[in-house]
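This briefing walks through one protein model, taking its topics one at a time. Please keep the sequence and the structure in view as you read, and look up each residue as it is named.

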Amino acid sequence: MSVPASSERFLAKARGLPVDEVMLDLEDSVAPGAKPAARELAVAALRDGGWDGKLVAVRVNDVTTPWAYQDVIAVTEGAPGTVDTLILPKVSDPGAVVWLDVLLGQLERSAGLAPGRIGIEAQIEDAAGLAAVEAIAAASPRLVALVFGPADFMASIGMRSLTVGGQPAGYSFDAHHYPLMRLLVAAKARGLQAIDGPYAKIGDADGLRAAAASAAALGYDGKWVLHPAQVDIVNDEFTPPSDDYARAARILEAYERATTEDRRGAVMLDGEMIDEASRKLALAIVARYRRGDDPPAPPDHGGLRTPRTPRGGDGAKTTPPPPGG
Ligand code: GLV
Ligand code: MG
């Protein structure tokens, strides 16, 4: 959930929303003249807390602005230990991430925080950034996620659409497939999360649902929301149908039986051949969508913390065998 840090009302409201992560934005949703005040409001909101169960992120301004270093210092020194990740926008080359990594290292030492406590999410939102995305993904051990920024990206490549995250008229395929896929592969090659950006047409629930469904199906770990009305739709699309979850559990069970009791590495299940690769696929489904009563993920800055209960049907009650088979 992206919240302009310049709005006390929105900051207060965001605390009660069922989102995995809240991002206090100091960048593009804050007018240039409001930047210093927004910085102060962000620090106050971080100190006040109340974000329990949510990852807390601050989006600082990009490295070409005069605000970036002050943003980083203000939130790290003003509210030490409260921020899980900083989101660095408009990352066009790995140097920007290295800059933030070095600065955070100094600030952590000075504030007595554990080294590496603050993670980085790099936003890829122009042609140069996408062209360098593999190097950016490898630029710092602090990186936890790559985030696609459709609005800036569409502007950067000259895509003819004024709806952020929407499809341009005249093009008959999915105009966002290439950047989304490229970013996803770069992220996963480095063990990072891949996060899709916003869909700005708040009243267009169907358009948002289609965009979220598409990113989730591709393998994305999450998607931004800009408004409370978008939260349930995106949570819903990123939660697996219970059928998938139940089938993943059945695959794990059947494969476990086949390999241990029958000593066979490939067996038929419901007319489909399953083997070690099927087990990996099933584990990925089970791991991503932990049951609602599972213990929370370890408190690192990398994961979505809200456990997911598969949606619909009896599959939600299926308990899969433990990961590892
Ligand atoms: C978000 O920052 C975007 O540019 O879409
Ligand atoms: Mg942007």
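## Briefing on the predicted model

Around ligand 1 stand the residues Asp28, Pro89, Glu125, Gly149, Pro150, Ala151, Asp152, Val164, Gly197 and Pro198. Sorted by class, this shell around ligand 1 holds five nonpolar, two polar and three charged residues. The model is a predicted one, and the protein has an average pLDDT of 89, with 89% of the residues scoring at least 70.

**Confidence along the chain**

- Over residues 291-307 the pLDDT falls below 50, and the model gives this stretch 26 contacts beyond near neighbours in sequence.
- Residues 313-325 are another stretch where pLDDT remains under 50, and here the model has 27 contacts beyond four places in sequence.

**Helices H2 and H3**

- Helix H2, which covers residues 35-48, and helix H3, which covers residues 68-78, cross at roughly 25°, and their axes come within 9 Å.
- Because angles under 35 degrees count as roughly parallel, H2 is described as roughly parallel to H3.
- The crossing in which H2 passes H3 is right-handed.
- On the H2 side the meeting residues are Arg39, Ala42, Val43 and Leu46, while H3 contributes Asp71, Ala74, Val75 and Gly78.
- This contact of H2 with H3 consists of five nonpolar, one polar and two charged residues.

**Helices H9 and H10**

- Helix H9 (residues 205-218) packs with helix H10 (residues 228-237) at an angle of about 30°, and the two axes are 9 Å apart.
- H9 and H10 are therefore roughly parallel to each other, and their crossing is right-handed.
- From H9, the residues Ala205, Leu208, Arg209, Ala212, Ala213 and Ala216 make the contact, together with Gln230, Ile233, Val234 and Glu237 from H10.
- Divided by class, the contact of H9 with H10 has seven nonpolar residues, one polar residue and two charged residues.

**Helices H11 and H12**

- Helix H11 (residues 242-260) and helix H12 (residues 276-288) have axes 9 Å apart and pack at an angle of about 135°.
- That angle makes H11 and H12 oblique to each other, and the crossing of H11 and H12 is left-handed.
- The contact joins Asp244, Tyr245, Ala248, Ala249, Ile251, Leu252 and Tyr255 of H11 to Ser278, Arg279, Ala282, Ile285 and Val286 of H12.
- In the contact of H11 with H12 there are nine nonpolar, one polar and two charged residues.

How values were computed: Residues are numbered from 1 along each chain as its sequence is written. Chains are lettered from A and ligands numbered from 1 in the order in which they are written. This is a predicted model: local features need pLDDT of at least 70, side-chain atom pairs count only at pLDDT 80 or more; totals for chains, interfaces and linings use all residues. Axes are lines fitted to C-alpha atoms, for helices over the stretch in contact, and angles run from 0 to 180 degrees between N-to-C directions. Helices (H or I, at least four residues) and strands (E, at least two) are DSSP runs, numbered from the N terminus. Angles under 35 degrees count as roughly parallel, over 145 as roughly antiparallel, 65 to 115 as roughly perpendicular and the rest as oblique. A crossing is left-handed if the near helix is turned anticlockwise from the far one by less than a right angle, and right-handed if clockwise. Two residues are in contact if their C-beta atoms, placed from the backbone, lie within 7 Å. Ala, Val, Leu, Ile, Met, Phe, Trp, Tyr, Cys and Pro count as nonpolar, Asp, Glu, Lys and Arg as charged, and the others, Gly among them, as polar. A residue is near a molecule or strand if its C-beta atom, placed from the backbone, lies within 6 Å of it. pLDDT is the predictor's confidence in each residue, from 0 to 100.
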